Amino acid sequence: MVGFQGARRIAPSLRQAAPGIAGGVALLALLLLHAVLPRPFERLELFGADTLQRMTPRGAGAAPVMVVDVDEESLARHGQWPWSRTTVADLVAALQDLGASVIALDMVFAEADRTSPSRLVPEWRQRFGFGAVPQDAPLPDHDAILASIFARGRVVAGFAPVDDAIGRAPDGIAPFAVIGRASPDRLLRFRGAVTNLPELDAAAAGHGSFSLKAGTDEITRRMPMIARVGDRLVPSLALDAVRVLQDEDTIKVRADDTGGITTGYTVRVGDIDLPLDAEGALRLRFPAARSTATLAAWRLLDSGKRAELQDRVRGAAIFIGTSAVGLSDLRPTPMTAFEPGVDLHAIALEQILTGRHLIRPAWAPGAERVTTLLLGLGAAFVCLLAPLAVAVPVAALLLLAPAVGAWVLFAQAGLLFDPTLIGLGILVAFAAAALVRYAGVERASRRLRSAFTHYLSPDLVAALASDPDRLKLGGEAREMSFLFTDLEGFTAMTEATGAEALVQLLNAYLDGMCSIAMEHGGTVDKIVGDAVHVMFNAPLDQPDHAERAVTCALALDVFALGFKSRQNASGVAFGTTRIGVNTGTAVVGNFGGKRRFDYTAHGDAINTAARLEAANKALGTRICVARATVEKVSGHAFRPVGTLMLKGKSVGVDVFEPVRHPSAVHGAYLDAFDRLAVGDEAATHVLLDLHAADPHDPVLALHARRIRVGERNVRMAA
């Protein structure tokens, strides 16, 4: 028995905690799914990172980095690509003459220039018998000319790693000094490479891969700084440009190891440290779209205006590449759908030189999961403990916090954290908790509908069902208006009518009365026999409760008269309905015990309303309204009947009768009543005259009777 009672006590506690438990379970399920199926979450993470990039692009750095662009106009002026090697030599030589600090070529010259005289003349002689020069005369070689320009120094030649074993990395690649235990398994690996002609590679000061690493959605966000071609480590074009720029021979690499797992690399070139991820890639922190300093190639090839460019070129690190659409080197990035690949190398170099990196710490995923768990549980328990009007804004703030925190860390410290997992955790936990809580509210609403639908208006039932907290149970004092009805001659009608017929008749009458009360927002407190007790301004606030009560009383009177007329016409002696209305303070709430309780009101104002209903019999009226109600009503006209001295009360109650259609006689009556109240004898004559003119008016008849027996005031015993 004790165990059963304990289980009964535990059950409500579990029901109350159910939203929090549901939120926690949903949160744990989300984190488990994140661990088992990370791919969908990676898309969200990338979206969050791209949004941060667009919100806070990297500002222009102090490092002078520029792109020399073989653009559409350059191709129009100097012919389609590939240009003659002499044209490329002129371009590189111009940059050298203007004082460029390093020149990196985002292109590869894998085949000999077929436009070189050293190749064309022998071909012409063999094919056409054409001999423009003596057979043994030395002929210019365009590749040798370009190699001689490379040999002037500070040129980094590019090469293209490929997945086919068709070549190997250039022999002149700078050596790497690996410090610590490196785990190269995750480095980008290629089987071969497309390289420049041997004489060009031999003349270059450096060699770098121009491979770009795109994400699974083909958007470039990272750039491989070190990769493997066969068994050799190779640098990127930007990384070797840094080496040449600093006159270094070796690139140092240190593996960052955590628990035996390589989590990233630190590359040192001279006095520059470069943080890379476990795949040897640099996370790019992008400037605004297409904001890289750019110089059209044709302007440098114009020898007459070349000198004007010296201030822009001197000391700058230069990348030569193309933005021409036909050359297919346009890449999507978080900032734009079409970024020239050469711009990405320039962006990477500027980031390296300024040190304004974007770092995702190795411990970031763990921190994000812990934060997701804590804030998600917080959102779930806020939903459990606080009203939804409070819980929703608090959850919104919890949702905003990781986004703002991630943005601040990104903008101020260059740290990349993923707010999307945390935000998703908060949403899932809050939604699960809110759903369970909503289901509980729905159950409570159904119970409320069942409990109140028989004595509340449908509008009140709907309002309580949508917001049960508005119903205050247990009792509270508030000002209310009360309406009591009673049916005259009910006992005699009971004796004269059969039981079955009486039940049907009474049900039809009460159904009409209760429906009207509910239509006016009244709460049917009790039905005792033929009497109906209605209260206004509970359980919901009704500032116009007095107006509602009077309007309801008039509607009930119309219904009761019509019902009586129809029953009398069919031979049933149905009586007159009397109504009393009063306004005052009462205590309303649930009264009773654990097994049986009643939502009702208690107070003197209720007793007064009931006694006013009974007073109608002596006054000859059908509706009797107390002054306390009349003073709060502006939409109806009234005429005073008198001051009732109710038994047990030392102060009289001024009572009024509603007047549906005030006439000229109404004004005369009000004047005569006011004069009678102050003892003016002349008022009695006016009232008698008014009664003579309308002998069927029950109120005038009441005053005429009282005057004839010597009563000269408005005070009446009741």
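Reader: Is Cys 383 buried or exposed?

Author: This is a predicted model, in which local features need pLDDT of at least 70 and side-chain atom pairs count only at pLDDT 80 or more, while totals for chains, interfaces and linings use all residues. Residues are numbered from 1 along each chain as its sequence is written, and side-chain values use heavy atoms, with hydrogens and water left out. Buried means under 20% relative accessible area, exposed over 50%, and partly exposed in between, for a 1.4 Å probe and protein chains only. Cys 383 counts as buried because its relative accessibility is 0%. Cys 624 is buried as well, at 1%.

Reader: How many disulfides does a search of the whole structure find?

Author: A disulfide is a covalent bond between the sulfur atoms of two cysteines. With the cut-off of sulfur atoms within 2.5 Å, the search finds zero.

Reader: Which residues have the most contacts inside the largest nonpolar core?

Author: In soluble globular proteins, nonpolar side chains tend to be buried together. A nonpolar core joins buried Ala, Val, Leu, Ile, Met, Phe, Trp, Tyr and Cys residues through side-chain atoms within 4.5 Å. Here the largest has 43 residues, and Met 225 and Phe 319 have the most contacts inside it. Helix α11 (residues 341-354), a DSSP run of H or I with at least four residues, gives the largest share of this core, seven residues. A second, separate core of 37 residues includes Trp 83 and Leu 295.

Definitions and conventions:
Helix = DSSP H or I, 4+ residues; strand = E, 2+ residues; numbered from the N terminus.
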